[in-house]
Amino acid sequence: MVQGHHLTEQRRDAKSPRLIVPASLVAGASGWGMTAAGAGASTLADQYGTGFVAVGLLTTVFAAAYAGLQIPAGQLIDRFGVRRTALAGTSLTASAYLVALLVPVLGNAFVMRAVAGVSSAVGFVAGAELARRAGTGLVGLGIFGGFAIGFGGLAVAVVPTLEPVLGWTSAWSTCAVVAVAAAVVVWLMVPAGDGGRSVAAGSGVTRRPLLRDGELYRLTAIHAVTLGLGVVLSNWAAVVLTDRWGVGRTSAVSIASLILVLTIVSRPLGGAIVGRYPGSVRPMTVSCLLVCAGSTVALAFPSSAGVAAAAALGLGVAGGLPFSAVLASAQRWRPDRPAAAVGMLNAGANLLVVLGTPVVAGAIESGRTTLALIVFAVLWLTPIAMLPRTFRPDPAPRRPARPRRPSTPSRRGRPSRPW
């Protein structure tokens, strides 16, 4: 079993710290695409002549393809190498959004979002593998994760800001630009001929299939809520704050973006904490889930903009801290298939996005927003009942046995225990 101290171990082979740059940008392109449709919901709804539920389904179809291709993406990377798969993924993502711009029809938008979901799945898992190969430890893994979800928060803020200039094209054009930038960086910075099979040399470990690995499901539960619910809440928080709280549009967008933008800081911070104090993984994770549940409840009941900002702050910080420990545990638990293990975690997270995004959209339109948010608050707490075994700290190392001394009779006439 992988123990707590394994979280601080890193592979010694093929370290290249600069790989953290393409890792972050490739993952960031995926994160940007995840929230772009929700960020541009109003103008997209007007352009396509539809409502918020249909626009929410644009996120759902992306997330469905994204979730379904996570494990296959990991298998492709483990087999064919990270550079080729990362380039293929980012290039296909950029192409899909260009087609969405050229053919402004709702049906085409759905198809292109599905294509982008497939290619973005490859991007995220490739980014995780590049971050692992960078050898920058848990902090580097947190930097990668911060960009992966933080770019989604930036999209929430940037897409509406550019709408006065770009109109309805703001969402799709920014997705294309970020994907092209990621592809260029991969081409320039990731060495060719990285080969396939990222299995640690000499591991000699034979494990059960991924989908029958109970420990991966426990890790997936934490990753699912910290990523999936964060994306769903960030997608719709601005609408909730504007329509139900009466917060101005600009302030609402800024507050909503904090839920994901703050993970750019909180995910590396979580990696630094775990690297310094490996035994803090379990209490930190439980505390973060409690804070996120409380922050979601706070969003359920309209109050002031200050309360909304505090709730977003809680979600952004507490939702990001466990990331590095969770992904590092999965990679260490499955040294035979590290990329595919990360893909399984991300598949669970995006399945929650698939289910949660239209639920919130329907709740907003039917006036049941409070109920939906309370249900989400309960979901934040469910992983506490099944914390991963890999989060348990190792027992303290035993001291070498001291030379035995001749025992002396005890008061009861039996030999006393040696010192």
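Ile 71, Leu 211, Tyr 217, Thr 220, Ala 224, Met 344, Ala 347, Gly 348, Leu 351, Leu 352 and Leu 355 line the second largest pocket. Helix 9 (214–243) and helix 15 (338–366) are the elements that each give two or more residues to this lining, and helix 15 gives the most, with six residues. A pocket is an open set of points on a 1 Å grid over the protein atoms alone, where a 1.4 Å probe fits, with protein on both sides within 12 Å along at least five of seven lines; lining residues have an atom within 4 Å of a point. The volume of the second largest pocket, about 180 Å³, is the space filled by probe spheres set on the points, which are joined across faces, edges and corners.

The model is predicted: local features need pLDDT of at least 70 and side-chain atom pairs pLDDT 80 or more, while totals for chains, interfaces and linings use all residues. Residues are numbered from 1 along each chain as its sequence is written, and side-chain values use heavy atoms, without hydrogens and water.

Thr 60 lies in helix 3 (residues 52–68); helices are DSSP runs of H or I, at least four residues, and strands runs of E, at least two, numbered from the N terminus. Thr 60 is buried (under 20% relative accessible area, 1.4 Å probe, protein chains only). Beyond residues up to four places away in sequence, Thr 60 touches Val 354, Thr 357 and Pro 358 (heavy atoms within 4.5 Å).

| Item | Value |
|---|---|
| Helices in the protein chain | 16 |
| Buried residues | 55% of the 419 residues |

Definitions and conventions: Buried means under 20% relative accessible area, exposed over 50%, partly exposed in between (1.4 Å probe, protein chains only).
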